[in-house]
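Colleague: I would like to learn how to read a ligand site and the sheet beside it in a model such as this one. Could we begin with the terms and then turn to the case itself?

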Amino acid sequence: MEIRRIGVLGAGTMGHGIAQVCAQSGYQVNLQDIKDEFVEAGISKIQKFLDGSVERKRMTQDEADLTSSRIKGTTDLREAAKDVDLVIEAIVEDINIKKDVFKELDQICPEDAIFASNTSAQSITEMAMVTKHPDRFIGMHWFNPPQLMRGIEVIVTDKTSQETLDTMVNLCKKLGKEPGICKDSPGFIVNRLLQIWYNESLNMFDEGVADPQDIDTALKVAYNFRMGPFELRDLVGLDVALVVSETHYRELMREQFKPPRCLVMKVKAGDLGRKTGRGFYEYESKT
Ligand SMILES: NC(=O)c1ccc[n+]([C@@H]2O[C@H](COP(=O)([O-])OP(=O)(O)OC[C@H]3O[C@@H](n4cnc5c(N)ncnc54)[C@H](O)[C@@H]3O)[C@@H](O)[C@H]2O)c1
């Protein structure tokens, strides 16, 4: 199936970057969020990224202008669903909200549209089963920031058709990404493995073994990692991180997946990482 127009739902940390990558590769994009200010914030982050790319000579002004011209922002789900061949959902990590949105999309999208969820850890099968065509439902798990990270996990359920999988694998390649295929299971491949690494790092902080900065530095200098676990948690957003952590613990039922206390407390305090200006570290501006 040929993809021409893509609806991206959620203009937050992931959605705006996903919209940009799709538009940069020539696709028309409808970018939707629930409030005008969220749509505008997403579009202005895209503009900032494109301006920076032109300044650093990674892109011409014409390419940047063409990319922006392909993105249409809206708060109206019907408008976002109009004429799309694919919807990529990147809204809050809440399975019930996601299921409600997919039920609605099922009524308003073109009959043959593919639905993809960028969830970090929720069940793709559970979401697929609220639609009339689970054969055209798939997971498309991007990494943060979508503009820079090369990998995308493509998650299939028992109901996903071969045609849907082939279409998505081809799309990833057209977007300049490397698809990795995985069966539907908690955290897929990357997040499930990372979860243990994050948990032990945060548990060490809870136990007073070392501070976030010392743990991050130790890992970065030992293994040449670009970021440590606390920096990464702040980048992802601690609210998203907590939901993902809770899902792993609930679904895999193993103690090693239990959310660390410091993560729970940060979220209770509203210190969600870069997006609120404070998480395990302090930031001058919210991003
Ligand atoms: N942050 C990451 O590093 C990361 C990485 C991979 C996948 N994900 C997944 O991507 C999804 C989005 O995460 P995020 O970090 O971008 O979250 P975010 O909180 O930054 O953005 C979510 C956006 O969705 C919007 N939204 C909420 N309900 C909506 C609805 N009903 N319709 C449309 N928009 C709605 C919010 O207003 C917000 O702008 C989650 O499922 C998350 O697990 C996140």
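Modeller: Helices (H or I, at least four residues) and strands (E, at least two) are DSSP runs, numbered from the N terminus. With those names in hand, the largest share of the shell around the ligand, 3 residues, comes from α5. The elements that give two or more residues to this shell are α5 (95-108) and β6 (137-142). This is a predicted model, in which local features need pLDDT of at least 70 and side-chain atom pairs count only at pLDDT 80 or more, whereas totals for chains, interfaces and linings use all residues. Residues are numbered from 1 along each chain as its sequence is written, and side-chain values use heavy atoms, with hydrogens and water left out.

Colleague: Which residues come nearest to the ligand?

Modeller: A residue is near a molecule if one of its heavy atoms lies within 4 Å of it. Here 24 residues are around the ligand, and Thr13, Asp33, Glu93, Lys98 and Ser120 come nearest. By class, the shell has 11 nonpolar, 9 polar and 4 charged residues, where Ala, Val, Leu, Ile, Met, Phe, Trp, Tyr, Cys and Pro count as nonpolar, Asp, Glu, Lys and Arg as charged, and the others, Gly among them, as polar.

Colleague: Why does the ligand lie between the two domains?

Modeller: Domain bounds come from an automatic or database domain assignment. Both domain 1 (5-183) and domain 2 (192-276) give residues to the shell, so the ligand lies between them.

Colleague: How many strands form the sheet, and in what order?

Modeller: Two strands pair if DSSP finds at least two bridges between them. In this case 8 strands form an open, mixed sheet in the order β3-β2-β1-β4-β5-β6-β7-β8, with β3 (71-74) and β8 (178-183) as edge strands that each pair on one side only. Strands β6 and β7 (residues 151-156) run antiparallel and are joined by 4 bridges, and Gly139 stands opposite Ile155 in β7. In the loop between β6 and β7 lies Pro145, and the peptide bond from Asn144 to Pro145 is cis, with omega near 0°.
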